[in-house]
Structures are given as C-alpha cells and as structure tokens.
Amino acid sequence: MANGGLQMLGFVLAFIGWIGIIVSTAMPQWKISSYAGDNIVTAQAIYEGLWMSCVMQSTGQMQCKVYDSLLKLQGSLQATRALMVSSILLGLIGSFVAMIGMKCMKCLEDDEVKKSRMAILGGVIFLISGFAALVATSWYGNLVAQDFFNPYTPVNTRFEFGQALFIGWAASSLSILGGAFLCCWCPRQETSYPPTRSYPKCVPSTGKDYV
C-alpha cells in the first residue's frame with residue numbers, strides 16, 4: 001500500500017515529465033544536420049522541428065522559418081504534432097485531477113475512497129499522456145534513422161537525432177513512472193467484523209423446580 005510520500009513523488013515526477021513534453025514540443029531541434037561523411041559543409045547547422053526549421057551560422061546567428069502550410073507537411077509530421085499536443089492536453093487534465101486526489105489537499109477530504117479514485121484517475125491520464133509522447137518521439141526518431149541509413153539519401157541532406165528527441169524520451173518516461181506511482185495509491189480499508197450474536201442470559205437454578 002502506497003503512502004502519501006509515494007503519491008507526492010508520483011505527482012512531482014509526472015508534472016516534471018509534462019513540463020519536459022511541452023519543452024520538447026516547442027524546441028526546433030527534433031533533427032539536426034549530420035556531419036558524418038566527406039565534403040560536408042560545417043559552416044552552418046540545419047535544425048528541423050515540428051513547427052519550424054532553423055539554420056545556425058558558424059557565427060552563432062540563427063534564422064528560423066515557420067512552416068507555411070499545414071496541408072503541405074508530411075503525414076508523419078502531422079501525426080507527431082497531434083500526438084504531442086494531445087499529450088500536453090492530457091497532462092494538463094491529469095495535473096488538475098491528480099491534485100484533487102492528493103492526500104495533502106483539502107478537496108474531498110471527507111471521502112477517502114473518492115479522493116483516492118481521483119488520484120488513480122490522474123495517474124491513468126498521466127500514463128496515457130506519457131505513452132502518447134513516447135510513441136510520437138519514437139516514431140519520429142525511427143523515421144530519422146531510416147532516412148539516415150537509406151543509401152539513396154544524399155549525404156549532405158542526412159539528419160541525426162536532435163536534443164528535443166532526447167528530452168521527449170526522458171520526459172515521457174518520467175510521466176509514465178509518475179503516473180504508475182499515482183495508480184499505486186489506494187485508501188486504507190478498515191477491517192469489518194460480523195456482528196456478535198446475542199445469547200440468552202443463563203438463570204441460575206435454585207433446585208426448587210425438581211421434585
């Protein structure tokens with residue numbers, strides 16, 4: 001049976017994971033240009049994310065351009081966007097639901113069973129949020145790896161994993177772990193005993209009833 005400390009740890013881990021998912025979604029470094037090979041120009045680095053592509057010069061100056069049209073984007077990129085946004089929204093809902101079920105909060109303190117169910121529901125939502133982000137980042141990373149090892153991909157257009165993918169993997173793992181800790185919380189059940197049977201009182205015999 002989990003205690004309040006484990007519940008608090010689960011909420012903190014899940015919340016940090018949710019913040020990491022937001023950061024990963026907003027970062028443009030989902031994939032970065034690769035320098036593996038000959039005749040690679042290192043004067044600039046190309047970053048591509050879910051919302052924009054950036055070019056960083058050797059002088060440190062970065063120029064970013066937001067994708068112009070949503071319909072012109074690849075289906076895989078649109079699906080990754082949808083999964084990450086869904087993960088963020090689920091994490092927001094899970095935060096509010098789990099806070100209501102926290103043992104340290106005053107909400108529903110008169111009903112321990114309902115309070116624990118709210119905490120478990122928040123943990124389940126965090127689990128779904130973490131799995132959605134994990135699927136999105138893993139799918140995107142798999143596509144990057146396939147293009148990198150594809151022999152028909154030009155060397156100067158190959159990309160590698162960016163920092164946003166690593167942050168997304170770590171954040172989704174924290175969200176899943178925190179949600180699992182929240183799901184382990186259950187209320188302390190009081191042991192109920194069956195009602196005692198009443199027996200008739202024994203009246204001491206005086207001996208006058210016998211002849």
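A residue is called buried here when its relative accessible area is under 20%.

**View 1. The whole protein in the predicted model.** Buried residues make up 36% of the 211 residues in the protein. The protein holds four helices and five strands, and from the N terminus on these elements follow one another in the order α-β-β-β-β-α-α-β-α. The accessible surface comes to about 13300 Å², and carbon and sulfur atoms account for 64% of that surface. Among contacts between residues at least 6 apart in sequence, 66% join residues at least 24 apart.

**View 2. Helix 1 and what covers its buried residues.** Helix 1, which is formed by residues 4-26, has 23 residues and reaches 33 Å from its first C-alpha to its last, close to the 33 Å expected at 1.5 Å a residue. Its buried residues include Q7, F11, W18 and T25, and the cover over the buried residues of helix 1 includes helix 2 (75-101), helix 3 (112-149) and helix 4 (163-183).

**View 3. Spans annotated as transmembrane region in UniProt.** The unreviewed UniProt entry gives this annotation to residues 6-27, 79-100, 120-141 and 161-185. In the model, residues 79-100 are 100% helix and 0% strand, with end C-alpha atoms 32 Å apart, while residues 120-141 are likewise 100% helix and 0% strand, with end C-alpha atoms lying 31 Å apart.

View 4. Leaving aside neighbours within four places in sequence, S33 is in contact with A45, I46, R158 and F159.

Technical notes. Residues numbered from 1 in each chain as written. Predicted model: local features only at pLDDT ≥ 70, side-chain atom pairs only at ≥ 80, totals over all residues. Heavy atoms only, no water. Contact = heavy atoms within 4.5 Å. UniProt positions renumbered as here; feature names shortened; annotations may be inferred. Helix = DSSP H or I, 4+ residues; strand = E, 2+ residues; numbered from the N terminus. Expected span 1.5 Å × (residues − 1). Buried < 20%, exposed > 50% of the residue type's maximum accessible area, 1.4 Å probe, protein only. Areas by Shrake-Rupley, 256 points an atom, 1.4 Å probe, with all protein chains shown as cover.
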